[in-house]
Amino acid sequence: MTSRQEPPRENSESSAESLPASDFVAYYQQAYPKLTALAAGVLGRRDGAEDVVQQAVEIALAKGLEFESPSRFVAWMAGAVRRCALNQRRKTTRRRTYAASPTDLAAVAHAASTTASPIDPATGQLEREQQWFGDALIAALDDLAEEARCCLLLRTVADLSYAEISELLDIPQGTAMSHVHRSRQLLRRRLADSPDVDLTPPPQKS
Amino acid sequence: MSKSLPPNDRRPDDLPGAAPAEGADFDAYLDGLVPEDQQADWTRRLERDPSLQCDAALQRRVDETLRAKFPAAAPSPEHLAQVARLQHAAAGGPAPRRYRRGALLAAAVLVVAVGMALLAGDRTVPHQTPFFEPTPLAEVYRTAVASGFQPYYECREPERLTAIFLQRLATRLHLLPMPPGSRMLGLSYPGGLSRDTTAMLCRVDGAPVLVAVDRRQADRKQPAPGVYEGQPLHLHRAERDGLVFYEISPFAQPRAMQYLVPTTDDAPDNF
């Protein structure tokens, strides 16, 4: 993924066109979810994704960069997030250690889902089989190519359009779409073949 | 889908009419990208083909699990405040050398003065409060919902809830029993009116309801809450005992804030 955009100015005289200070925080806040999804895509996990994004914005601020528009800011940040996440991933791979992932108690986000929530509302615990499914999914996700994984998370988790993914990653829309569709097929195939995964949907709860 | 799915072990490739579900067209259909004239064809095919139903159900489960494993993140108010501080500092730009020397000297004098005053216990030195940028409470609500609407602290003991409000807002509050269909999830500290704004997150009839509490002097005029995911949001306000309460929810009437009331009962002062 290479950037086609002009690099931002460093340490220059203030420009009348640069993002006002008050807008910088607002645009950063707005871009935060997709930048975090991008970081998680590169890392292959959620842990550490927010740290990577925060590291990238601190780099931008330390360099005194000025951005002429929100889209340039997001494009630069996407590149910085990717580099920081790659560094983090390499460190993790070299050390061969992984932070213990806490039990994920996040409820399913979409209330309109027709399948039952995997969370037991009385205990807040994941059903055991759903835990295995989740673990198998994360393992299969890690086997995807990095760019494909990023596209998948940006589409599924951050709910970006293919035009937005294309702009963020600087790849053609068709490529982004192919990545997502092929990744979904691969994940389904892996999970369908997994002996630990029960594909019977849980019974509907009234 | 109302039809039952085949046994869980494997896809029933030997069932009559079963066709390989993989293919760009099927994923385009699941992704909502096929033209309208093809959607009906795919829907009919899905209803007839158990293997397609299997794949569609599995894809739905994969998507839900991904969203649960990677919930939408929102930056904390503390992090945004830090970014704003760094941005303001960076926007000043590098000063000419002679001014930089003077600024360093002035900063050194200030540091020494503050340090000496603190050592002497002098409270007259003005306290430099960290930068805080207020956020409309409807935006706090939207961010909380987008992040999965999970509290920072689940707060199962009534005494701890009382102690937290006492520590943060110098007022003991307790939660009256909520009616069926309503429950308190916990507390968060999302900012909003001030750094001390304390939010009680609730579920009422399955819908997220956020009650934000702060001192009355921190109150700020709130813009219209707008809509969220096509539903109008409502903002309700009340004042009690020097505190201001805001409830943000899809409901036209308050459904939670009235159950959070001041108490005169003795409660632990710390936790």
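This is a predicted model: local features need pLDDT of at least 70, side-chain atom pairs count only at pLDDT 80 or more; totals for chains, interfaces and linings use all residues.
## Chain B at a glance

Let's start with the overall make-up of chain B. Its secondary structure comes to seven helices and nine strands. The chain has 271 residues, and 40% of them count as buried. Among contacts in chain B with a separation of 6 or more, 62% join residues 24 or more positions apart.

## The five-stranded sheet

Five strands of chain B form an open sheet with antiparallel pairing, in the order β2-β3-β4-β8-β7. At the edges stand β2 (182–188) and β7 (234–240) of chain B; each has a single partner strand, so one side of each is left without a neighbour in the sheet. From one strand to the next, the twist averages 20 degrees.

For a closer look at one pair, take β2(B) and strand β3 (residues 198–204) of chain B, which run antiparallel and are linked over six bridges. Within this pair, B:Met184 stands opposite B:Cys202 in β3(B).

## Helices packed on the sheet

Helix α6 (residues 137–146) of chain B packs on the sheet, where it touches β4 (207–215) and β8 (243–249) of chain B. The direction of α6 makes about 135 degrees with that of β4(B).

Helix α7 (residues 158–169) of chain B packs on the sheet too, touching β2, β3, β4 and β8 of chain B. Its direction makes about 45 degrees with that of β4(B).

## Where two helices cross between chains

Now to a meeting of the two chains. Helix α7 (residues 173–193) of chain A and helix α3 (residues 50–69) of chain B have axes that come within 10 Å and cross at roughly 100 degrees. An angle of 65 to 115 degrees counts as roughly perpendicular, so α7(A) is roughly perpendicular to α3(B).

On the α7(A) side, the residues in contact are A:Arg184, A:Leu187, A:Arg188, A:Leu191 and A:Ala192. They meet B:Asp55, B:Leu58, B:Gln59, B:Val62 and B:Asp63 in α3(B). By class, this contact has five nonpolar, one polar and four charged residues.

One more residue deserves a visit. A:Arg155 lies in helix α5 (residues 146–156) of chain A. Its relative accessible area is 16%, under the 20% limit, so A:Arg155 counts as buried.

The side chain of A:Arg155 makes a polar contact with the side chain of A:Tyr162, at 3.5 Å. Leaving aside residues up to four places away in sequence, A:Arg155 touches A:Leu160, A:Ser161, A:Tyr162, A:Ile165, A:Val180 and A:Arg184, along with B:Asp31 and B:Leu33 of chain B. A:Arg184 is also one of the α7(A) residues that meet α3(B).

Technical notes:
Residues are numbered from 1 along each chain as its sequence is written. Chains are lettered from A and ligands numbered from 1 in the order in which they are written. Side-chain values use heavy atoms; hydrogens and water are left out. Helices (H or I, at least four residues) and strands (E, at least two) are DSSP runs, numbered from the N terminus. Buried means under 20% relative accessible area, exposed over 50%, partly exposed in between (1.4 Å probe, protein chains only). A polar contact is a pair of N or O atoms within 3.5 Å; within protein, one must be able to donate a hydrogen and the other to accept it, and residues adjacent in sequence count only if both atoms are side-chain atoms. Contact means heavy atoms within 4.5 Å. Two strands pair if DSSP finds at least two bridges between them. Axes are lines fitted to C-alpha atoms, for helices over the stretch in contact, and angles run from 0 to 180 degrees between N-to-C directions. Angles under 35 degrees count as roughly parallel, over 145 as roughly antiparallel, 65 to 115 as roughly perpendicular and the rest as oblique. Ala, Val, Leu, Ile, Met, Phe, Trp, Tyr, Cys and Pro count as nonpolar, Asp, Glu, Lys and Arg as charged, and the others, Gly among them, as polar.
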